Amino acid sequence: MKSKKTVKENVVFWKNEKLVISSKTLKEMKYNALHNGTNKFRYCFHESENSGIHEMLFTNTRDSYFRPHCHNDNELQIVISGKMYVIYFDDRGNVIERFKASKNKNNIYRINKDQWHMNLPISKTITIFEVKQGPFNQDSNHYPDWAPDGRNKKAVRKFLAKIKRGKYEKTT
């Protein structure tokens, strides 16, 4: 991929045999997330959705909405660049924990299975490396009724404002 070239897809499987991610690749990912109309861009390093382990590098913008969700398995995330809040919820949608994650603070964390969570970017972009068990199965992602699905932008803004009105700034 050439620099400053927008890739319209937001999920791309890495086709090179050798996996080396350069600062140029990270800049291209940020550019794509900012300019492809989706506010996100993801490289999948596993061969297919059927792979047993999924290794992904994704960039999202501050305008991204990570709908709260939980999974049937654990996931490990490593912040490569940017800053965000990681927010955990109880089953009713109450925030039970939040922490700031960045390259220099809380940059590696595991989200346990069945834990409602979301990422809330606070920098222009956030880039995260994620590892989780495969194969991909949409049924392993669960979404709560108490959080908007993202189609209604007004509902998303209202939901995010509610989260921010709480003890949002008092993080670990």
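Q: Leaving aside its neighbours within four places in sequence, which residues is Tyr109 in contact with?
A: In this predicted model, and with those sequence neighbours left aside, Tyr109 is in contact with Glu75, Leu76, Gln77, Val79, Met84, Val86, Phe99, Ala101, Asn119 and Ile128.

Q: Where is Tyr109 found, and is Tyr109 buried or exposed?
A: Tyr109 is found in strand E8, and because its relative accessibility is 7%, which is under the 20% limit, Tyr109 counts as buried.

Q: What does the side chain of Tyr109 make a polar contact with?
A: The side chain of Tyr109 makes a polar contact with the side chain of Gln77, at 2.6 Å, and Gln77 is also one of the residues listed above as being in contact with Tyr109.

Q: How many Å apart in space are Tyr109 and Glu130?
A: From C-alpha to C-alpha, Tyr109 and Glu130 are 9.9 Å apart in space, while in sequence they are 21 residues apart.

Q: Switching to rings, how many aromatic pairs does the structure hold?
A: The structure holds 13 aromatic pairs. One of them joins Trp14 and Tyr43, whose ring centres are 4.9 Å apart and whose planes stand at 85 degrees, so this pair is edge-to-face.

Q: Which parts does that pair tie together?
A: Trp14 lies in the loop between strand E1 (11-13) and H1, whereas Tyr43 lies in strand E2, so the pair ties together parts that are 29 residues apart in sequence.

Q: And are those two buried or exposed?
A: Trp14 is buried, with a relative accessible area of 16%, and Tyr43 counts as buried too, at 7% relative accessibility.

Q: Which residues do ring pairs link into a cluster?
A: Ring pairs link Trp14 and Tyr43 with Phe41, Phe45 and Phe129 into a cluster.

Q: What does the charged end of Arg42 sit over?
A: The charged end of Arg42 sits over the ring of Phe58, 4.6 Å from the centre of that ring.

Q: Changing topic, how many disulfides does a search of the whole structure find?
A: A search of the whole structure finds 0 disulfides. As for individual cysteines, Cys44 counts as buried at 5% relative accessibility, and Cys70 counts as buried at 5% as well.

Q: What about the backbone, say the phi of Asn39?
A: Asn39 has a positive phi of about 65 degrees although it is not a glycine, and its place is in the loop between helix H1 (23-35) and strand E2 (40-44). Asn39 is partly exposed, with a relative accessible area of 26%.

Q: And where is Asp114 found?
A: Asp114 is found in the loop between strand E8 (108-111) and strand E9 (116-121). Asp114 has a positive phi of about 65 degrees without being a glycine, and Asp114 is partly exposed, with a relative accessible area of 47%.

How values were computed: Residues are numbered from 1 along each chain as its sequence is written. This is a predicted model: local features need pLDDT of at least 70, side-chain atom pairs count only at pLDDT 80 or more; totals for chains, interfaces and linings use all residues. Side-chain values use heavy atoms; hydrogens and water are left out. Helices (H or I, at least four residues) and strands (E, at least two) are DSSP runs, numbered from the N terminus. Buried means under 20% relative accessible area, exposed over 50%, partly exposed in between (1.4 Å probe, protein chains only). A disulfide is a pair of cysteine sulfur atoms within 2.5 Å. Contact means heavy atoms within 4.5 Å. A polar contact is a pair of N or O atoms within 3.5 Å; within protein, one must be able to donate a hydrogen and the other to accept it, and residues adjacent in sequence count only if both atoms are side-chain atoms. Rings of Phe, Tyr and Trp (its six-membered ring) pair if their centres lie within 6.5 Å; planes under 30 degrees apart count as stacked, over 60 as edge-to-face and the rest as tilted. A charge sits over a ring if NZ of Lys or CZ of Arg is within 6 Å of the ring centre and within 35 degrees of the ring normal.
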